[in-house]
Amino acid sequence: MQVYGLVGNPVGHSLSPPMHEAAYEATGVDARYVTFEPELSAIEAAITGADALGIAGLNVTIPFKQDVLELVDPDPLAERIGAVNTIDFGPDGPVGYNTDAAGVTRALERHGVELDGSAAVVVGAGGAGRAAAFALADAGSSVHIANRTPAKAEELASAVPGATGGGLDTLDRIHDADILVNATSVGMEAPDETPVPASYLHADLAVLDAVYTPIETRLLREAADAGAVTVDGAWMLLLQGVEAFEVWTGLDAPVEAMNTALRSHLSDD
Ligand code: NAP
């Protein structure tokens, strides 16, 4: 039996265990998925220990995604993003990936959104914003990053091919955009908050909200009212997990089984 898991602090309410265990059941992979919550100062010991114990793979979440970069051999995309959310413990040691990036592009593509040649606005320049900006640029989007702290958006834009960055006063770029990604935590557990005024939303837009609690944010509600294509944060969560499963096992992930498991747990909340 293989052991996979999630390392973070806290990890108590993670939806990854039911999602991955549904994948093992659907594919017949003999594995378990468990959560680990090391002390903040113990992440290096945790990764070394996991490797020594023969753990097959780990997802990594807040607050360790950046710290882990130095503890693994990151693939080029994870290195550019500056964060690792998936570790594969291979024979040559731990290799780090960032599957949040694929979570963004696969979620949009699954909703019929054409990325190549599109104009995208990413709101937020933290971990999710970095993954979204690199992923969209690599897929052929021209990306504008708008962030509350403008310097962070400008710094990120200087690393992302062809991107521009600015403060939230540049959100008017959404008028001419095809894709909007909310990569801020605005709207999380606070259904009355939105990072984007409704007047910027329009029918030619696809809107992905990285926030998945609640599943229907005010941003997505107002985007639907404006006639936009809406993609909720559970799609990103699902598809980063799908990508991790595929990295670990080399198999095609059972996407429907994972989606059903994930959404049944989301609706329990
Ligand atoms: P993070 O690194 O802490 O970044 C937070 C971002 O939100 C920053 O850009 C921050 O701006 C912005 N922000 C926070 N409060 C704000 C406010 N009141 N007004 C405007 N901007 C504000 O967090 P993260 O890891 O990127 O996560 C961001 C969100 O994405 C969270 O809700 C997280 O749950 C979600 N997420 C979802 C998935 C998924 O699979 N669906 C994956 C990863 C993350 P400043 O730079 O100005 O502080």
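In which strand is the place of Thr 86? Thr 86 falls in strand β5, residues 86–90; strands (E, at least two residues) and helices (H or I, at least four) are DSSP runs numbered from the N terminus. The model is predicted, so local features need pLDDT of at least 70 and side-chain atom pairs count only at pLDDT 80 or more, while totals for chains, interfaces and linings use all residues. Residues are numbered from 1 along each chain as its sequence is written, and side-chain values use heavy atoms, with hydrogens and water left out.

**Stop one: Thr 86**

Select Thr 86 with its surroundings. Thr 86 has 0% relative accessibility and counts as buried (under 20% relative accessible area; exposed is over 50% and partly exposed lies in between, with a 1.4 Å probe and protein chains only). Its side chain joins that of Asn 59 through a polar contact of 3.1 Å. A polar contact is a pair of N or O atoms within 3.5 Å; within protein, one must be able to donate a hydrogen and the other to accept it, and residues adjacent in sequence count only if both atoms are side-chain atoms. Beyond neighbours within four places in sequence, Thr 86 is in contact (heavy atoms within 4.5 Å) with residues including Tyr 97, Ala 244 and Trp 248.

**Stop two: the annotated binding site**

Select Ser 14, Leu 15, Ser 16, Thr 61, Asn 85, Asp 100, Tyr 212 and Gln 240, which the unreviewed UniProt entry annotates as "binding site". The lining of the largest pocket takes in Ser 14, Leu 15, Ser 16, Thr 61, Asn 85, Asp 100, Tyr 212 and Gln 240 from this set. On a 1 Å grid over the protein atoms alone, a pocket is an open set of points where a 1.4 Å probe fits, with protein on both sides within 12 Å along at least five of seven lines; lining residues have an atom within 4 Å of a point. UniProt positions follow the numbering used here, feature names are shortened, and annotations may be inferred rather than shown by experiment.

Now centre on Asp 100 in helix α4, residues 99–110. Asp 100 is buried, with a relative accessible area of 9%, and its side chain makes a polar contact of 3.2 Å with the side chain of Asn 85. Gln 240, in helix α8 (residues 233–249), is buried at 8%. The side chain of Gln 240 also makes a polar contact with that of Asn 85, at 3.4 Å.

**Stop three: Lys 65**

UniProt lists Lys 65 under "active site" in the unreviewed entry. Lys 65 lies in the loop between β3 (57–60) and β4 (73–74). Its contacts, leaving aside neighbours within four places in sequence, are Val 60, Ala 83, Val 84, Asn 85 and Asp 100.

**Stop four: the aromatic rings**

Which residues do ring pairs link into a cluster? Select Tyr 4, Tyr 24, Tyr 33, Phe 245 and Trp 248. Rings of Phe, Tyr and Trp (its six-membered ring) pair if their centres lie within 6.5 Å; planes under 30 degrees apart count as stacked, over 60 as edge-to-face and the rest as tilted. The count comes to four aromatic pairs. Tyr 33 and Trp 248 form a tilted pair, 6.5 Å centre to centre with 45 degrees between the planes. Tyr 33 lies in strand β2 (residues 31–36) and Trp 248 in helix α8, so the pair ties together parts 215 residues apart in sequence. Both Tyr 33 and Trp 248 are buried.

**Last stop: Glu 154**

Finish at Glu 154 in helix α6, residues 150–159. Glu 154 is partly exposed, at 44% relative accessibility. Glu 154 touches Gly 165 and Gly 166, not counting residues up to four places away in sequence.
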